[in-house]
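Biologist: I would like to go through the charged side-chain pairs here. Please show me the structure before we start.

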Amino acid sequence: VPTLAVISAFAEAKTLIKQRIFTFTGEDESNIFLFPSGMAAIFSAFKLISSLKPGLKTVQFGFPYTDTLKIQQRFSSANGGDGALHFLPKGDQDDLSRLEEILRREPIAGLLCEIPGNPLLNTPDWKRLNELANQYNFPLIVDDTVGTFANLALSPAPDMLLSSLTKFFSGSGDVMAGSMVLSSSSRFYTELKASLEASYDDLLWCQDAIILEHNSSDFLDRMGRINRNAETLCDYLHQHPAVERIYYPKYETPNNYASLVRQNVSYGGLFSMLLKEAELNAPKFYDRIRLSKGPSLGTNFTLLCPYTLLAHYDELQFASSCGVSPFLIRVSVGLEEPDDLVASFKDALS
C-alpha cells in the first residue's frame, strides 16, 4: 500500500507536468487533462465532440496518423456509424474549397487536423479554418505532437489541443502519456468542460507520471537541439541527387507553418523522405543506414521506419491515393552530433 509520502510524490509529478504544459499554452491547470497515451486523448476528444453534436459527422482535414482516422471511421454514430466522416486527405486549398461545400450543405460535429501532419509534414491554412469554424459554428481539434508545444504558438488557440507526451515531450521512449488542453476562450468551453469533467478518469499511471516529469524537465533545451539537427540534415538531403523529395515543414506549406511558430522559426524533429527509384533503392538504403529503427518518434536518438508499410500495410493503394508513397521512409531526428547524422545518411545513400 503506497504511503502518504508516495501518494504525494505521484500527485506532485502530475502537477509539475501540467505546470510545464501551462508555460507553453497559457491555460490554467484546471483546463489541462492527462491521459495514459496520446491516442487516448484523441479518442476522448472525439467522444466529446460527438456528444456535443450527436449524429453529425466529423471532418478529418489532412492525412493523419492512422489511428486518428480509424477512430472516426469505426466509432462514429453519424448515419449508423462505420465510415461516417468527411476525409479531406490533402489538407490544401482544394480541400478547403471542398470543406466549404460540405459546410454549406450540412453541419459537422468538429474538425480534426495535425500541425504539421504525420507523415507528410504539411500544415493547413489555420487562419481560414478558424474563419470557417466561426462562420459555421464547429469546434477545431488540433494534434500538435509533431510540431510540439515548444515550437508552435497556435493563435487563435484550438478548442482542444491534443498531444502525445510519449514523443518529444518525454524523449526517452520509456513511458506513454497524452494530454488535452481546453481553450478557455472557446465558445464551446463551458459545454466541453462540463462534459469532460463528468466523464474523465485520470488513468495516467502514477509511476509513469514520475518518469514523465523527470524526462520532460529539459524538454525545451532538447527540442532546440533536435530542431537544429533536423534542419541541418534536411538541408543536406534536400539537395542530394539520390533524393526525390524531403517532406519537412521548411519545404511543405512553409508559409502556413511559419505563421504558427514561436519567435524563432523551428521546424521540429520529424521528416519523411522519398528516394529516386524508391522501389529499388529504399530497401537498400534502409538496410544500410546505421541508425536505430522502429515505429515511434520523438526519441532522443534518431529513429527511422518504413512508415507506410508499417501503418498501412493492408491499404497501400489507399495510402498512395492520398499522396503517401509505399516507399516513404520517416525519420525522427535525435540528439546526436549533426555531422555524425549527415555522415550516416551520406554513407547509406552512397
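Modeller: A salt bridge is a side-chain nitrogen of Lys or Arg within 4 Å of a carboxyl oxygen of Asp or Glu. This is a predicted model, where local features need pLDDT of at least 70, side-chain atom pairs count only at pLDDT 80 or more, and totals for chains, interfaces and linings use all residues. Residues are numbered from 1 along each chain as its sequence is written, and side-chain values use heavy atoms, with hydrogens and water left out.

Biologist: How many salt bridges does the structure hold?

Modeller: Side chains of opposite charge can pair when their charged atoms come close. The number of salt bridges in the structure is 14.

Biologist: Is Asp95 buried or exposed?

Modeller: Asp95 forms a salt bridge with Arg98, with the closest N and O atoms 2.5 Å apart. Buried means under 20% relative accessible area, exposed over 50%, and partly exposed in between (1.4 Å probe, protein chains only). Arg98 is partly exposed at 41%. Asp95 has a relative accessible area of 2%, so Asp95 counts as buried.

Biologist: How many residues apart in sequence are the parts tied together by Asp235 and Lys250?

Modeller: The closest N and O atoms of the salt bridge between Asp235 and Lys250 are 3.2 Å apart. Asp235 lies in helix 9 (residues 219-238), while Lys250 lies in the loop between strand 8 (243-247) and helix 10 (254-258). Helices (H or I, at least four residues) and strands (E, at least two) are DSSP runs, numbered from the N terminus. The pair therefore ties together parts whose separation in sequence, in residues, is 15.
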